[in-house]
Amino acid sequence: QVQLVESGGGSVQAGGSLRLSCGSTYDSPPVIMAWFRQVPGQEREGVAAIYLDNYSTHYVDSVKGRFSISRDSARNLLYLQMNSLTPEDTGVYYCAADYRILTSYGHLWDARRYTYWGQGTQVTVSS
């Protein structure tokens, strides 16, 4: 079992930055953790992912060079540093985790592949 709690969302103007945090509790550490985002009427979209064994990171093209996922293992915290934000980054951001190794790159961004989810935190970017 994994419990996830996000924080750090808010409102920011275009070009600004935010850092999201995800606190986690578990009996054993998951294999992979990720950030997803969702806007009303659309599917949940994967944004960034990190494997906890080797800390390899992955990003969707739309956020490469702007977002950075990281983990503080001592504090069981997952971060998403978001820079150069645009209105298209607006949405509810979710922290996700799973114990399975996702062998396909496409699976990293498939919300159905993740078992554990936080409640989400709202990010609003105004132009």
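User: Which residue of β11 stands opposite V92?

Analyst: Good place to start, and keep in mind that this is a predicted model. Strand β11 covers residues 121-126, and three bridges join β9 to it. In β11, the residue standing opposite V92 is Q122.

User: In which sense do β4 and β9 run, parallel or antiparallel?

Analyst: Strand β4 covers residues 32-38, and seven bridges join it to β9. One of the pairs puts F36 together with Y94 as its bridge partner in β9. The sense in which β4 and β9 run is antiparallel.

User: What is the bridge partner of A96 in β10?

Analyst: Strand β10 consists of residues 116-117. Its pairing with β9 is antiparallel and runs over two bridges. In β10, the partner of A96 is W117.

User: How many residues of β9 are buried?

Analyst: Strand β9 spans residues 91-98 and is mostly covered. In a regular strand, side chains alternate between the two faces of the sheet. For β9, the buried count out of eight residues is eight.

User: Is S24 buried or exposed?

Analyst: Let's find S24 first: it belongs to strand β3, residues 18-26. Leaving aside residues up to four places away in sequence, S24 touches Q3, L4, M33, R71 and N76. Its relative accessible area is 5%. Since the cut-off for buried is under 20%, S24 is buried.

User: How many strands does the protein chain have?

Analyst: Reading from the N terminus, the elements run β-β-β-β-β-β-β-β-β-β-β. There are zero helices in the chain. The number of strands is 11.

User: What radius of gyration does the protein chain have, and why does it agree with a compact globule?

Analyst: The C-alpha trace spans about 40 × 30 × 25 Å along its principal axes. A compact globule with 127 residues would have a radius of gyration near 14 Å. The chain agrees with that because its own value is 14 Å.

User: What percentage of the contacts between residues at least 6 apart in sequence join residues at least 24 apart?

Analyst: A contact here means heavy atoms within 4.5 Å. Among contacts in the chain between residues at least 6 apart, the share that joins residues at least 24 apart is 59%.

User: How far apart are the mean positions of the positive and negative charges?

Analyst: The chain carries 10 positive and 11 negative charges. The distance between their mean positions is 1 Å.

Technical notes. Residues numbered from 1 in each chain as written. Predicted model: local features only at pLDDT ≥ 70, side-chain atom pairs only at ≥ 80, totals over all residues. Heavy atoms only, no water. Buried < 20%, exposed > 50% of the residue type's maximum accessible area, 1.4 Å probe, protein only. Helix = DSSP H or I, 4+ residues; strand = E, 2+ residues; numbered from the N terminus. Pairing = 2+ DSSP bridges. Rg over C-alpha atoms; globule rule 2.2 N^0.38 Å. Lys, Arg positive; Asp, Glu negative; His and termini not counted. Charge placed at Lys NZ, Arg CZ, Asp CG, Glu CD.
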